[in-house]
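Work through the exercises below with the model open. Try each task before reading its solution.

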Amino acid sequence: VRLLLLNDNDELLLMRVEDFDIATPAGKRNKRFWCTLGGQIETNESLHEAALRELYEEAGIKAHEVELRPVAWINEVDLIIHGRPTHFLQQFIVARTSQTNVSLDNATPEEQNVVKELRWFSLKDIKTSDEAIFPTFLADYLPSIIAGQYPPKPLYLV
């Protein structure tokens, strides 16, 4: 599950990851990049439960401080993680919060090792950034999400 977490200023929360053990199957490495919050859905956990858990772990935002909306996008990506080919099926769920104070205090040990910063990005920030931001299609599809125009069924994006 990935979170498209927007605040009242229509800014998206992204996390800066520094990990030297992530590569594409072609061997390309982005050792430092920004991405949406999220992670693996655990056994016996629903998509929404996973989203709320990840939100608390990675940003310190509690369930009562957020409103989950629909899944807007689905994306698949193949990466090499710690030398192992890994296939991800990502579901991007829209979420809204009035909370702007975020914290990495509840991050898991693995997250503490690689997540270095949280920052709210405006759409303009995303479009003009010279840093790597994933997913790469974010700037193209985020405007409709900000406007509250969700697709009738999740869009499959590459």
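## Exercise 1: Fold and overall size

The chain runs β-β-β-β-α-β-β-α-β-α-β-α-β along its sequence. The model is predicted: local features need pLDDT of at least 70, side-chain atom pairs count only at pLDDT 80 or more, and totals for chains, interfaces and linings use all residues. Numbering starts from 1 along each chain as its sequence is written, and side-chain values use heavy atoms, without hydrogens and water.

**Task.** Count the helices and strands, then judge the chain against the globule rule.

**Solution.**
1. There are four helices and nine strands. These are DSSP runs (helices H or I, at least four residues; strands E, at least two), numbered from the N terminus.
2. The radius of gyration is 15 Å, close to the 15 Å that the globule rule gives for 158 residues, so the chain is as compact as a globular protein of that length. The radius is taken over C-alpha atoms, and the rule is 2.2 Å times the number of residues to the power 0.38.
3. Of the 158 residues, 42% are buried. Buried means under 20% relative accessible area, exposed over 50%, partly exposed in between (1.4 Å probe, protein chains only).

## Exercise 2: Helix 1

**Task.** Compare the reach of helix 1 with its expected span, and list its buried residues.

**Solution.**
1. Helix 1 covers residues 47-59, which is 13 residues.
2. From first C-alpha to last it reaches 18 Å, close to the 18 Å expected at 1.5 Å a residue. The expected span is 1.5 Å times one less than the number of residues.
3. Its buried residues are Leu 47, Ala 50, Ala 51, Arg 53, Glu 54, Leu 55, Glu 57, Glu 58 and Ala 59.
4. Just after the helix, Gly 60 has a positive phi of about 75°.

## Exercise 3: Backbone exceptions

**Task.** Find where Asp 10 and Asn 44 lie, and classify each as buried, partly exposed or exposed.

**Solution.**
1. Most residues other than glycine have a negative phi, and most peptide bonds are trans.
2. Asp 10 has a positive phi of about 60°. It sits in the loop between strand 1 (2-6) and strand 2 (12-18), and at 30% relative accessibility it is partly exposed.
3. Asn 44 has phi near 65°. Its loop joins strand 4 (32-38) and helix 1. At 79% relative accessibility, Asn 44 is exposed.
4. The peptide bond from Phe 134 to Pro 135 is cis, with omega near 5°. Pro 135 lies in the loop between strand 8 (133-134) and helix 4.
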